[in-house]
Amino acid sequence: MTKDDCIFCKLANGVFPTNVIYEDEDFTAILDAAPAAKGHALILPKQHSDNLYELPDETAAKVLPVAKKIANAMKKTFNCDGVNVQQNNEAAAGQSVFHFHVHVIPRFKKDGISLLWKPGKPTDAEQAETCKLLKDALQ
């Protein structure tokens, strides 16, 4: 299913022209219109899901092989020093378009792009409690 008011549904399904770098029956990968780095790509499922929480397991299983394929193409094309594969869910995590998508970003030493965080320092007791809470939620 697609959503009539979703720009990424339209881009993924060819309603609007864009710079497509990869396409198969489930996904379209395009160059990001506001890239963090040259070659920054977005993998867009052709079927709409707002985020990872709603993404069908079958689609989730297929997206990482596509990201790997694009990452390898970036390494070959740009001889980059690394690649970020990033996926955000909800506004607090940086999601600004509410159609599940994956960013694949070629990275270079000293490129000035920051996608890192300051590591926390939880105690062993805090880690144990967090572990228990998450395990319980997975039951």
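Student: Is Asn79 buried or exposed?
Tutor: In this predicted model, Asn79 is exposed, because its relative accessible area is 57%, and the cut-off for exposed is over 50%.

Student: Where is the place of Asn79?
Tutor: Asn79 sits in the loop between H2 and E4.

Student: What is the phi of Asn79?
Tutor: Asn79 has a positive phi of about 50°, although Asn79 is not a glycine.

Student: Which residue other than glycine has a positive phi near 60°?
Tutor: Lys110 has such a value. Its place is in the loop between E5 and helix H3 (124–138).

Student: And how does Lys110 count in terms of accessibility?
Tutor: Lys110 counts as exposed because its relative accessibility is 88%.

Student: Turning to the sheet, what is the strand order?
Tutor: The sheet is open and has five strands in the order E1-E2-E3-E5-E4, with antiparallel pairing. The edge strands are E1 and strand E4 (82–86), each of which pairs on one side only. On average, neighbouring strands of this sheet are turned by 20° against each other, direction ignored.

Student: How many bridges are there between E1 and E2?
Tutor: Three bridges pair E1 and E2 in the antiparallel sense. Within this pairing, Val20 has Ile30 in E2 as its bridge partner.

Student: How many residues lie between E1 and E2 in the hairpin?
Tutor: The hairpin formed by E1 and E2 has three residues between the strands.

Student: What about E2 and E3, how many bridges join them?
Tutor: Strand E2 (residues 27–31) and strand E3 (residues 41–45) run antiparallel and are joined by five bridges.

Student: Which residue in E3 stands opposite Ala29?
Tutor: Ile43 stands opposite Ala29.

Student: Which strands does helix H2 lie across?
Tutor: Helix H2 (residues 57–78) lies across E1, E2, E3, E4 and strand E5 (102–107). The helix runs at about 20° to E5.

Student: Changing topic, which residues form a nonpolar patch on the surface?
Tutor: The patch consists of Ile7, Val15 and Phe16, and together these residues have about 260 Å² of accessible area.

Student: Where is Phe16 found?
Tutor: Phe16 belongs to the loop between helix H1 (7–12) and strand E1 (20–23).

Student: Why does Phe16 count as partly exposed?
Tutor: Phe16 counts as partly exposed because its relative accessibility is 37%. Buried means under 20% and exposed means over 50%, with partly exposed in between.

How values were computed:
Residues are numbered from 1 along each chain as its sequence is written. This is a predicted model: local features need pLDDT of at least 70, side-chain atom pairs count only at pLDDT 80 or more; totals for chains, interfaces and linings use all residues. Side-chain values use heavy atoms; hydrogens and water are left out. Patches are made of residues with over 30% relative accessible area and no salt bridge: like charges are joined within 9 Å, nonpolar side chains (Val, Leu, Ile, Met, Phe, Trp, Tyr) within 5 Å. Accessible areas come from the Shrake-Rupley method with a 1.4 Å probe; for residues, only the protein chains shown count as cover. A salt bridge is a side-chain nitrogen of Lys or Arg within 4 Å of a carboxyl oxygen of Asp or Glu. Helices (H or I, at least four residues) and strands (E, at least two) are DSSP runs, numbered from the N terminus. Buried means under 20% relative accessible area, exposed over 50%, partly exposed in between (1.4 Å probe, protein chains only). Two strands pair if DSSP finds at least two bridges between them. Axes are lines fitted to C-alpha atoms, for helices over the stretch in contact, and angles run from 0 to 180 degrees between N-to-C directions. Contact means heavy atoms within 4.5 Å.
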